[in-house]
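Subject: Structure handover

Hi,

Here is the structure for you to look over. My notes on what turned up follow below it.

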Amino acid sequence: MLRLLTSAPPTGPLHFGHYRGAVAPFVNEFPAADEAYFTIADLHMLAPRADRTVTAHVPDRCRALVAECVASGVDPDRCFFYRQSDVPELSLIHTVLQNLVTSDELTRQASFLRREPGPDNPASLGLLAWPVLESADIIGTGATNVVIGEGNAGHVALCRSILGRLDATWGTTLPMPVAVVSTLDLPGLDGAPKMSRSRGNTVPLRAGTSELHRVLADMAMWTADGRCVPEVYLDSLGHTDEGSRIAGSLRARTVTPAQARERLLAALTETIVPIADRITELEKDPAFLDSLLDRGAERVRGLATDTLRVLRGELGFTRG
């Protein structure tokens with residue numbers, strides 16, 4: 001059975017970079033999948049900073065993330081959405097798995113090395129063990145294919161190592177996942193290498209026509225490494241030839257930046273405005289969104305309970 005999994009923390013509204021770099025690749029894998037799971041990683045959300053501002057609106061943000069994903073093409077009839085905190089069995093699996101990983105392995109993870117160290121930004125144990133909790137999601141659901149960004153692909157490799165150690169030491173055979181790596185990182189509107197909420201350089205997925213006009217008004221044409229921003233965006237939307245023509249015309253100065261923005265605006269409007277409208281409609285029915293999370297939690301609790309039963313039995317914790 002091919003079980004597809006991806007995840008995202010409910011830290012704020014999705015933007016165009018999330019849509020093209022994470023959600024769309026997940027949806028593209030659906031035809032081959034028997035089941036699909038989307039982890040609302042609310043426990044992961046605490047790892048970089050655990051305070052009241054982070055946890056103030058967790059239920060609302062979880063509903064919002066579900067609405068954004070469904071509006072972006074994730075079929076709620078084929079995908080189980082669940083919050084990590086609704087499945088305590090995953091935390092028990094995490095407790096077992098963390099003993100099979102060394103701190104040296106975790107400090108070498110690219111996701112850990114990307115953090116900004118300093119006396120005012122110490123790394124929490126949760127941040128260090130982020131890949132282990134992600135392994136608990138993978139192993140707990142029995143996921144076989146994990147859609148993940150290129151920068152975090154090492155998490156799946158670590159999960160495979162954990163499963164190898166379980167097999168070598170206790171003969172525990174559980175599904176071995178493979179990473180489905182998404183390599184698309186869209187540049188920011190300011191020409192930065194990556195679109196990021198923290199930089200304020202994003203195209204919001206909830207944007208209507210007027211907001212799209214506003215955010216594109218001062219968009220950079222080129223990144224520091226020489227990529228044409230409109231070309232990259234248009235290519236990600238399937239308008240590859242047009243993107244190439246615009247980039248060439250900008251270089252030749254036969255097209256102005258304003259004209260390039262207008263063409264990009266048309267393409268983005270065609271894609272984003274229907275998604276934004278659908279999000280608005282879905283959020284009018286919070287009970288429906290909660291029902292999707294309840295359905296997913298029930299399904300994953302069953303899978304994780306089965307996994308935990310295997311682990312307890314193989315490791316010798318089950319009473320005879």
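In α11, the buried residues are V229, P230, V232, Y233, L234 and S236. Buried means under 20% relative accessible area, exposed is over 50%, and partly exposed lies in between, with a 1.4 Å probe and protein chains only. Six of the eight residues of α11 are buried, so the rest of the structure largely encloses this helix. The cover over those buried residues includes α1, α12 (240-252) and α13. Just after α11, G238 has a positive phi of about 90°. Helices (H or I, at least four residues) and strands (E, at least two) are DSSP runs, numbered from the N terminus.

Before going further, the ground rules. This is a predicted model, where local features need pLDDT of at least 70 and side-chain atom pairs count only at pLDDT 80 or more, while totals for chains, interfaces and linings use all residues. Residues are numbered from 1 along each chain as its sequence is written, and side-chain values use heavy atoms, with hydrogens and water left out.

**Cores**

The largest nonpolar core has 60 residues. Such a core is a set of buried Ala, Val, Leu, Ile, Met, Phe, Trp, Tyr and Cys residues joined through side-chain atoms within 4.5 Å. F16, F26, F38, F81, V203 and Y233 touch the most other members. Helix α13 (residues 257-282) gives this core its largest share, 10 residues. Another core lies apart from it, with 35 residues, including I93, V132, A304 and L308.

Y233 is worth a look. Setting aside neighbours within four places in sequence, Y233 is in contact (heavy atoms within 4.5 Å) with F16, L186, P187, G188, L189, M195, V203, M219 and L264.

**Aromatic pairs**

The whole structure holds six aromatic pairs. Rings of Phe, Tyr and Trp (its six-membered ring) pair if their centres lie within 6.5 Å; planes under 30 degrees apart count as stacked, over 60 as edge-to-face, and the rest as tilted. The ring centres of F16 and Y233 are 5.8 Å apart and the planes are at 80°, so this pair is edge-to-face. F16 sits in helix α1 (residues 16-28) and Y233 in helix α11 (residues 229-236), so the pair ties together parts that are 217 residues apart in sequence. Both F16 and Y233 are buried.

F26 and F38 also pair edge-to-face, at 5.8 Å centre to centre and 75° between the planes. F26 is in helix α1 and F38 is in strand β2 (residues 35-40), so this pair ties together parts 12 residues apart in sequence. F26 and F38 are both buried. Ring pairs also link F26, F30, F38 and F81 into a cluster.

**Empty space**

Rolling a probe the size of a water molecule over the atoms shows where empty space is left. On a 1 Å grid over the protein atoms alone, a cavity is a set of points where a 1.4 Å probe fits but cannot get out; a pocket is an open set with protein on both sides within 12 Å along at least five of seven lines; lining residues have an atom within 4 Å of a point. Grid points are joined across faces, edges and corners, and a volume is the space filled by probe spheres set on the points.

The second largest pocket holds about 280 Å³. Its lining has 19 residues, and H94, L125, G126, A129 and W130 lie nearest the centre. α4 (88-97), α5 (103-107), α7 (125-128) and α8 (130-141) each supply at least two lining residues. By class, this lining has 11 nonpolar, eight polar and no charged residues. Ala, Val, Leu, Ile, Met, Phe, Trp, Tyr, Cys and Pro count as nonpolar, Asp, Glu, Lys and Arg as charged, and the others, Gly among them, as polar.

One cavity of 30 Å³ or more was found in the whole structure. The largest cavity has about 40 Å³ of space. L5, T6, S7, T39, E134, D137, I138 and V146 line the largest cavity.

**E89**

E89 is in helix α4. At 12% relative accessibility, E89 counts as buried.

Best wishes
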